[in-house]
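Trainee: I would like a close look at a single part of this model. Please take me through it step by step.

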Amino acid sequence: MSKKVRNFKEQTRVLFLKYTLIPIIFLFIVFGIGLFSFSAWKVSHDAEKVGETTVADISKVLRNYETGFDELAKNQAVINYLKYKQHSNKVFAAFYAFNSQQQVQSVFQLVDSQGQGLSSAMLEDSTSLDISSYRLKRWSRSDQLIIEAETKNLAHNKKTVLLLSQAVKDQGEIIGYLVVRLKDEDFQRMFFGNKADVLVVTDKYDRVIVSNSNSVKGLMGKFTYEREHGQRVQLGKKAYYMNEQVAMAYPLRVYSLIASPNYQELFIFYVLFTTISSGVLFILLHYLSRRMSVQHSMALNTMMNALDHLKSGELNNYVEIPTGDEFEKLAHRYNEMLKSLDLLLLRNQELTYILQRDEIRFLQSQFNPHFLFNMLETIRYTMRVDEEKAQRIILTLSRILRYSINQGEQHATLKKDMDYIADYLKLHAYRYNDRLHYKVNLPDDLHDIEIPKLLLQPLVENAIKYGYEKQLQLMITITVEQVGEELHLLVVDNGHGIAPEKLREITETLHEPLNNGDRIGVYNTHRKIVLLHGENYGLTIQSQLGEGTSVRLVLPIAKGEKHV
C-alpha cells in the first residue's frame, strides 16, 4: 500500500494548523481548570472575609459594652440604687444615654447581690427577672464581663439572644450586678447585606446565639451540620463552603456559609464557550493557514516547475523569485547554471571533430540535475521542522552550485576542490539525517596544488550510493598525500564492500574504451585521467566484502609547477 504524500503547500498548512491548535487546546484546558478552581477559591475566600468582618463587628459591639459597663459600675447613682433603692430614674437615664449610642441595643436590668431582680426595661416574662443561685455563684467568681447565650422573649414578638453581666462593687464587696440582654433584631440588621447565605454566631459550646437561618439549630439549640471534606459541609439538602472564625477576646464563634458553586451550570457555560470559540478560531485559522501556505510555497513551486522543464531538456526556462531570501539567491544560481549549460552545449557542438577534447569537455561539463532535485526536496521537508537548518542547506547548496557551474576554469586547487567535496558530503549528511559521517585529510603544504576540477565527486557519489547497502551508518574518509612526484587521493568507506567477482568485472571495465554498464562515474573519472596523463595514471579499487572499499587515484605532479 503506497503512502499518501502531501505537497509542500498542504504540509505547510497542516503544520500551521497543528502547531497553532496545540497551544489553543492547552489554553482551553487551562481556562477550564482555572474557571472551576477560581469558582471554588472565590466562594471559600468570600466565606472567610465574611467571617472576619462579622467577628470584627461583634468584637467591636462587645468592647463598647465592656467599656460602658466599667463606667456604669462606677456610677454613683447605680451604687446608691443598689444600696438604698433610691433614684432609679438616674440609673435608667445613664443606661439609656449609653444604650442609644450602640449599634446593637439591649434591655437593661439590675440585680442585687442575692440575685433578686430590682428593675428592668421589662421583659415579656416578668417573673424571670431573678437570677438563679447557681448562675449567681458563677458570676461572683469573675471580675470580667460575663457573656452567655440566652434567649428571652420581649413584647411585640421580639427577643434577646445574648446576656452580658458584670459585678458592681462598693469598697471591694459585690452589691449587685449590671445585666443587659442584646436584641436579636439589631444583630440581624448588622448582618444584613453580607455575602454569606448562612451566618451563625455561637458560644464556645456551639450553642446558637444568632443566625440568619432557622434551619441551623439542632438538638439543645446547637449548630449542627454534616462535614463532607475540607471546607465543604452539608446543611439540609444543600452543599456549602464553610469558614469558622473565633473571636479571640470573647467566647464566641462565627460560622459563615456560602452555597457551593453550581458546577453543572459552570460546565455547560464552559462547553458552550469552548464550542463557540473553537468554531470561530477554526474558521480563522483555516483561512490564515491557506494564505500562509500559498505564500510560502510559491517560491518552491517555481523552482520545482523550472526543474521539471530542465529534466525535459529545456535550457531557456529562466526563473525569477523576488523574495529577498535564499530562494532568490538559489534562483539566481539556477539561472547562471542554465546559462553555463547552454554555453557548454554550444561549445561541445563546435568541438565535436576532436574526439579526445570532445570526450574531456563532455566529462567536465557533466551536471547531475537529479542531485539538485533531491536537495530541493530535502530543503522542502527540512523547512517544516527546522528553518535555520534549511537556511544552512541552501547556503551550502549555493556554494556547490557556484563552484560547479563556474566553467571559466578547468582546474582548481586542492583546497577549493576539497572544500567543495566537504560541502557535498555535508549536504548528504543533512539528507541522511546525520547517518553519514566523513573526514577530509589535506596537508597544508598541498593546498595550492591544482587538479582537474570535480575530480573526486563521482567517487564520493559512488561511495554514498553503494555504501549504504545492508547498513544504516556510513563513514567516508578522504586522504590526500604526496608520494614522490605523484599525488595520491584515497577515498575509503566502511560500506558493505564489493564481491570479488563484481570487483574483477569493474576492473576490466575500466580498461575498455566504452562503458555501457553501471558505475559510470568511476569509469569517467579513470577515463578523464587516462586521456589527460596516459595509461600509467588513473584509479585502482580494493574492496573486502563486509569491510568496505578503498579507491586510490594517482596523478602526476609537474616539476616546478603546482598542478597535475
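Which residues of helix 4 (residues 133-140) are buried?

Mentor: Bear in mind that the model is predicted. The buried residues of helix 4 are R135, L136 and W139. They span an arc of only 100° around the axis, so they lie on the same side of helix 4. The general rule behind such a pattern is that an α-helix has 3.6 residues a turn, so residues three or four places apart point the same way. On the face of helix 4 turned away from the buried side sit S133, Y134 and K137, which are exposed.

The axes of helix 2 (residues 76-84) and helix 3 (residues 88-99) come within 8 Å and cross at roughly 140°, which makes helix 2 oblique to helix 3. In this contact A77, V78 and Y81 of helix 2 meet S88, K90 and V91 of helix 3; by type, these residues are 4 nonpolar, 1 polar and 1 charged. The crossing is left-handed.

Helix 11 (residues 414-431) and helix 12 (residues 457-467) pack at about 25°, with axes 11 Å apart, and are therefore roughly parallel to each other. Their crossing is right-handed. From helix 11, Y420, I421, Y424, L425 and H428 meet Q457, V460, E461 and I464 of helix 12. The residues of that contact divide into 6 nonpolar, 2 polar and 1 charged.

Terms used: Residues are numbered from 1 along each chain as its sequence is written. This is a predicted model: local features need pLDDT of at least 70, side-chain atom pairs count only at pLDDT 80 or more; totals for chains, interfaces and linings use all residues. Side-chain values use heavy atoms; hydrogens and water are left out. Axes are lines fitted to C-alpha atoms, for helices over the stretch in contact, and angles run from 0 to 180 degrees between N-to-C directions. Helices (H or I, at least four residues) and strands (E, at least two) are DSSP runs, numbered from the N terminus. Angles under 35 degrees count as roughly parallel, over 145 as roughly antiparallel, 65 to 115 as roughly perpendicular and the rest as oblique. A crossing is left-handed if the near helix is turned anticlockwise from the far one by less than a right angle, and right-handed if clockwise. Contact means heavy atoms within 4.5 Å. Ala, Val, Leu, Ile, Met, Phe, Trp, Tyr, Cys and Pro count as nonpolar, Asp, Glu, Lys and Arg as charged, and the others, Gly among them, as polar. Buried means under 20% relative accessible area, exposed over 50%, partly exposed in between (1.4 Å probe, protein chains only). The arc is that of the directions from the helix axis to the C-beta atoms.
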